[in-house]
Amino acid sequence: MKSFPELLKDYESIESGTPRLNAMRDGIAQADEQGDLYWRFQMRFYYLKESIFCGDRYFALIIFPQLLALYEENEKIRLDNECDYDMLVAFRWIVEAAPEFPQISKVEIDGYFRLFKQMLLEHGYSLSIYHMKRSLFYRSCNRNIATSEFYKFVDAPLDMISDGKALYNHHKAGFYLYLGNEEKALEAAKPIFDGELIATALPHVTNCEFIEYYLANGCYEKAYPYAQKTERHVTGNSYYLDVVGPLLSLYSIEKHEQGLELFRQNYDNFANSRNPLLRLKFANGAYHLFRALPENYVPAQAIVPKDSELEGMAMPELSAHFYAIANALAAKFDARNGTDNYMKLVNAEYHT
């Protein structure tokens with residue numbers, strides 16, 4: 001039987017996502033069977049990490065309560081410096097992931113935020129990351145709370161538990177766009193676009209903030225340069241379905257064949273995703289793309305993947321299919337958040 005460090009090494013050679021998560025479940029079962037408390041915690045932590053960064057955060061929501069229970073019920077885990085720090089990191093991930101699932105209530109999400117804040121204070125860390133993630137969540141729920149949290153985030157010092165300077169600037173850029181201050185947003189994003197600040201998801205997600213902002217304000221020509229820099233970096237990666245979606249909406253305006261090719265390249269990831277927010281963003285973009293095409297539109301290649309449930313659908317059917325998905329998810333998110341923001345996104349009008 002392989003040791004747990006050997007198992008972790010083996011996982012690196014397995015395709016990220018479902019194949020790796022399936023293999024990691026066996027590692028969790030092995031740790032439970034052996035009753036090794038440290039590895040029972042760590043194998044769940046690595047499983048959580050894989051779920052977070054493969055984009056399908058559904059499994060992260062399942063495993064997190066188990067991780068938290070092990071932490072709270074075992075002093076040995078809390079006294080282990082590595083496990084103690086990893087619990088904080090897990091909280092950092094989960095307060096961002098939980099809002100992506102409308103079945104997780106605002107009460108539950110705020111409960112996670114309270115526990116996270118308590119842990120940060122008890123360990124002497126800055127609340128920068130807490131304010132950052134909470135402002136991100138409340139952007140879709142409550143403008144006043146979001147804005148208050150944002151300025152607290154700006155004023156709080158960064159430390160080792162923070163997301164780092166690059167993501168700090170990314171969040172500033174996105175929030176300034178949310179406030180309608182394009183000048184400050186560009187100022188915050190400049191070191192990211194210049195390559196001075198680097199992080200895994202950058203500059204793609206920062207580009208997407210500007211794409212969505214210009215889409216919402218009808219400034220399509222200003223959005224296209226950001227799309228050109230972004231598309232090749234996000235295509236085929238299920239983690240970026242929420243970036244692909246706005247690109248599809250943008251291409252619905254006049255770059256139809258480019259949009260259809262992007263749709264084809266990412267549809268399988270959408271079909272296999274369990275993440276409601278990613279599915280909403282992609283389905284919304286697909287709806288706008290197919291809605292913009294005439295019924296008899298025939299692109300150079302097949303419109304939809306072969307052997308998919310979409311094969312044989314005409315343009316109006318494809319449009320209605322994705323509208324139904326996006327509309328149903330938007331209704332769930334808005335019901336949870338007490339707003340109509342997502343329904344407005346689905347029903348947005350784009351014109352040449």
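Helices here are DSSP runs of H or I with at least four residues, strands are runs of E with at least two, and both are numbered from the N terminus. On that basis the chain has 18 helices and 0 strands.

Some ground rules. This is a predicted model: local features need pLDDT of at least 70, side-chain atom pairs count only at pLDDT 80 or more, and totals for chains, interfaces and linings use all residues. Residues are numbered from 1 along each chain as its sequence is written, and side-chain values use heavy atoms, with hydrogens and water left out.

Overall dimensions next. The C-alpha trace spans about 65 × 50 × 40 Å along its principal axes. The radius of gyration, taken over C-alpha atoms, is compared with a globule rule of 2.2 Å times the number of residues to the power 0.38. For 352 residues a compact globule would come out near 20 Å; the chain has 21 Å, so the two agree.

Now burial. Buried means under 20% relative accessible area, exposed over 50%, partly exposed in between, with a 1.4 Å probe and protein chains only.

Contacts: heavy atoms within 4.5 Å. Take the pairs at least 6 apart in sequence: 66% of those contacts join residues at least 24 apart.

Last, I325. Where is I325? In helix α17, residues 315-337. Buried or exposed? I325 has 17% relative accessibility, so it counts as buried. Beyond its neighbours within four places in sequence, I325 touches F270, R279 and A283. Y138 is 187 residues away along the chain, with 24 Å between the C-alpha atoms of Y138 and I325.
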